[in-house]
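The following note is intended for a colleague who is meeting this structure for the first time. Please read the numbered points alongside the sequence and the model.

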Amino acid sequence: MLLERMVQLGTSCLRRLAQGREELEIRFGRLLRNPRVTAEGIIAGWSEETIRAAAERHVLAIQDTSELNFRTTESNHRGLGVIAKGVGRGILFHPMIAVDANTSECLGLAGGSLWTRDKAAGGKTSRRQRKKQNRRRCFDQKETCHWIKTPQAAKLVLAAATMVTMVADREADSYPFWALVPEANVHVLGRVYHDRKLAEGGTLTTAARSWSVLGTRRLTIREREERPEREAVLELRAGTVTILRPQETCDPGLPDRVTLTLIELSEPNPPAGTEPVTWRLLTTHVAPD
């Protein structure tokens, strides 16, 4: 009932969820304060229906991180961590939603995690310093580990699916993600963030230059702060690449190389004075000939 009302009313305020019924507000409060009710238990409970719904389907398992911001004061942070690049306080939530690849039907929650970030994680160190510190850490010590741990845990929930494609944003672009998540019927698909060295020479940003154009399409590029909305004609290229294990990676058990499909959408003739559109994706799905 609590979840249904949160979805229907679009609020997490217990008073509003109880809709004037004091005894219901008390019951909701007791449930959430019960030490046996954990975030992990709630996520597992919400995933039970997904186990049955995912059976014999091609499932898109889509993950992303959201920030839940709460009102705090300088003297009372309410046990919440730094979010929004250090200017707010709240909780970070990393859910994975299961969607039928053929019908787009939402099948339910496949997994997720909640955490708070300490002050040091969003403190006064520069972005360059934080990146340098991160390179020395193993993936399970980084915040990006949720992009790997969540799909690994979701494999149990989606075990009855015919095929699973784990979909992620460029924050997931880490070597352990490409090396550890894929299995026989579990694929990955994500945006490229790092320009990686390739076993065949060159890097991801140069690999597709010599490939044939598989097709073109006109798309509307949405408006952003730095660019107005405009029409763009994009060229599609795809091919096989083998990325090399980064030298600074300290994680044990990772292979020296991983073979993937690179998909590149690029704008050959952008308007004068405009930066061309370029999108790159990596996936374990095989590219068409």
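1. Contacts along the chain. Of the contacts in the protein chain with a separation of 6 or more, 56% are between residues 24 or more positions apart; a contact means heavy atoms within 4.5 Å.

2. Basis of the note. The model is predicted: local features need pLDDT of at least 70 and side-chain atom pairs count only at pLDDT 80 or more, whereas totals for chains, interfaces and linings use all residues. Residues are numbered from 1 along each chain as its sequence is written, and side-chain values use heavy atoms, with hydrogens and water left out.

3. Overall form. The protein chain has eight helices and eleven strands; these are DSSP runs numbered from the N terminus, helices being H or I with at least four residues and strands E with at least two. Along the principal axes, its C-alpha atoms fill a box of roughly 70 × 50 × 45 Å.

4. Surface and burial. The accessible surface of the protein chain is about 18,300 Å², and carbon and sulfur atoms contribute 49% of that area; areas come from the Shrake-Rupley method with a 1.4 Å probe, and for residues only the protein chains shown count as cover. Of the 289 residues in the protein chain, 35% are buried. Buried means under 20% relative accessible area, exposed over 50%, and partly exposed in between (1.4 Å probe, protein chains only).

5. Salt bridges between separated elements. The structure holds nine salt bridges, each defined as a side-chain nitrogen of Lys or Arg within 4 Å of a carboxyl oxygen of Asp or Glu. One of them joins K155 and E183 at 2.9 Å, N to O. This pair links distant parts of the chain, 28 residues apart: K155 is in helix α6 (residues 146-157) and E183 in the loop between α7 (175-180) and β7 (186-191). K155 counts as buried because its relative accessibility is 13%, while E183, at 46%, counts as partly exposed.

6. A second pair. D169 and R191 meet through their side chains in a salt bridge of 3.3 Å, N to O. D169 lies in the loop between β6 (163-168) and α7 and R191 in strand β7, so the pair ties together parts 22 residues apart in sequence. Both partners count as partly exposed, D169 at 26% relative accessibility and R191 at 35%.

7. In the salt bridge between E267 and R230, the closest N and O atoms are 2.7 Å apart. E267 lies in the loop between β10 (257-266) and β11 (278-283), and R230 in strand β9 (residues 230-244), 37 residues apart. Both E267 and R230 are buried. Elsewhere, a network of salt bridges links R57, D100 and E105.

8. Aromatic pair. How are the rings of F177 and W178 placed? The structure holds one aromatic pair. The ring centres of F177 and W178 are 5.0 Å apart and their planes are at 75 degrees, so the pair is edge-to-face. Rings of Phe, Tyr and Trp (its six-membered ring) pair if their centres lie within 6.5 Å; planes under 30 degrees apart count as stacked, over 60 as edge-to-face and the rest as tilted. Both F177 and W178 are buried.

9. Positive phi. E56 is not a glycine, yet it has a positive phi of about 60 degrees. E56 lies in the loop between α4 (39-53) and β1 (58-63), and counts as exposed at 70% relative accessibility.
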